[in-house]
Amino acid sequence: MKTQHKFQTIADIIHRQIQNDVWLVGEKLPSIRTICREYNISLNTATRAYSELERRTLIESRPRSGYFVLPNHRNQISIPTISQPTELMVQEIESKLINKVFDTINDDNITRLSLGVPDEALLPVAKLNKTMMQAIRKLPGSGTRYEEIQGNLNLRRNIARWSFTWGGNLSADDIVITAGAMDAIACCMMTLTQPGDTIALESPVFFGILQLAKSLGLNVLELPTHPTNGIDIAALENNLSQIKACLLVSNFNNPLGSCMPENHKKKVVELLNKHNIPLIEDDLYGDVYFTSKRPLPCKSFDRTGSVLWCGSVSKTLAPGYRIGWVAPGKYKSQIIRWKLIHSVSTTTLTQEAIALFLENGRYENHLRKMRNTLYTNSLQFIRVISQHFPEGTRISHPQGGFVLWIECPKPIDTNELYERAIKHKISIAPGRMFTLQPQFHNCMRLSYGLPWTDYLERQLALLGTLAKSLLK
């Protein structure tokens, strides 16, 4: 064998191992240096071998992490279909179903595939505890005083600094701290709308947003949404005359996992601005990306202050701390007014603790580890679902976030699947929770924000078996 062909031979060996399940989807392959040592080859040959496997779309390189096995064509399954909601069909939200599913939120005996947050095992709890103690020592009155209405200055400054990851030109004065992202969205909705107004949303969309919109007396226009690219811009354009505001989860939508391409974001911002329609952007998941760089938010294309950019650390650092924010552009004074009326101030201690954690690179180090874990988990979920769920099942392929959107064959009702699964201590989020319309009965949202274990794999496989039983 000639030296220049050694890389091909090594690639063929690993290729066969992947085909024979020696290396499973989502698993990390040996490092380049390990390959050099095991096969007695040069660094250049090993690198070329992995490049060849990437060319065959069998593996993928992750920045600072190594090489991972991708789902192969044998196990690949299709993405869900584009949603097709009808215009302004008013339905009651599935409150009873939502309450039933989330009554188990703190039950550790249940495999909570229904939760859209990372498990605490993925969070830097010990380091957060230290920053909380630092905050107690640092703050006047050990944190018992009210914080200023706009929010902790140190926290606002650090959020503004962090916005450099997407080219944000924000200052501390541009940001208002809130009690989580939902509080930020609520302030935005109350500022921009009145009862009877219509707000445009993705379909499906996080049920909390639907509940909020209905509680404010708003009509909801659900837009057709592609599982990869987000909303149908033509559908938005055709309905501009009837909407007062638009709300989009532009990066890794919950529950669909879609991420709008940058040219789509730019077009949406320009389109809404042309018709003087504000955009509430929920960018809660933007930092949890699996690609080489963070996707830009719509806010990066805002030139008039019409995009109200909302974020939080609830999905990345500390769900229970309830720290969120909004950069409301030209609506800042109104947002601060609503915050004063409804909450006066945000919790002093947790604001300072998060501010301290964002300093000195700790947040980026934590995010890097968590992204790698979640990316691997997503591939493991895809592998098990492709093996154990009914034929014809479709699954989203998100490039970030925490959740998968599963579309089962039409005869399957995921409300009924929930009832069967919960008897086996498995909780899912049925698709009907994420719409006001009679759709998504055969869909569900699953969270891969749990530590991957053999037990979790067995539970996920059992869920697939239960889904198959509904076809009989």
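Helix H13 (362-388) gives the second largest pocket four lining residues, the largest share. Helices (H or I, at least four residues) and strands (E, at least two) are DSSP runs, numbered from the N terminus. A pocket is an open set of points on a 1 Å grid over the protein atoms alone, where a 1.4 Å probe fits, with protein on both sides within 12 Å along at least five of seven lines; lining residues have an atom within 4 Å of a point. The model is predicted: local features need pLDDT of at least 70, side-chain atom pairs count only at pLDDT 80 or more, and totals for chains, interfaces and linings use all residues. Residues are numbered from 1 along each chain as its sequence is written, and side-chain values use heavy atoms, without hydrogens and water.

The second largest pocket is lined by 30 residues. Phe-252, Thr-291, His-397, Pro-398 and Gln-399 lie nearest its centre. Helix H10 (262-274) also supplies at least two lining residues.

The largest pocket has 39 lining residues. Closest to its centre are Ile-105, Leu-115, Val-117, Lys-315 and Pro-319. Helices H5 (125-138), H7 (181-192) and H8 (207-215) and strand E16 (443-447) each supply at least two residues of this lining.

Strand E16 also belongs to an open sheet of four strands, in the order E12-E13-E16-E15, with antiparallel pairing (at least two DSSP bridges between two strands). E12 (394-395) and E15 (429-430) are the edge strands. E13 (residues 403-407) and E16 pair over five bridges. Ile-406 stands opposite Met-444 in E16. H13 packs on this sheet, touching E12, E13 and E16 (contact: heavy atoms within 4.5 Å).

Note on methods: Axes are lines fitted to C-alpha atoms, for helices over the stretch in contact, and angles run from 0 to 180 degrees between N-to-C directions.
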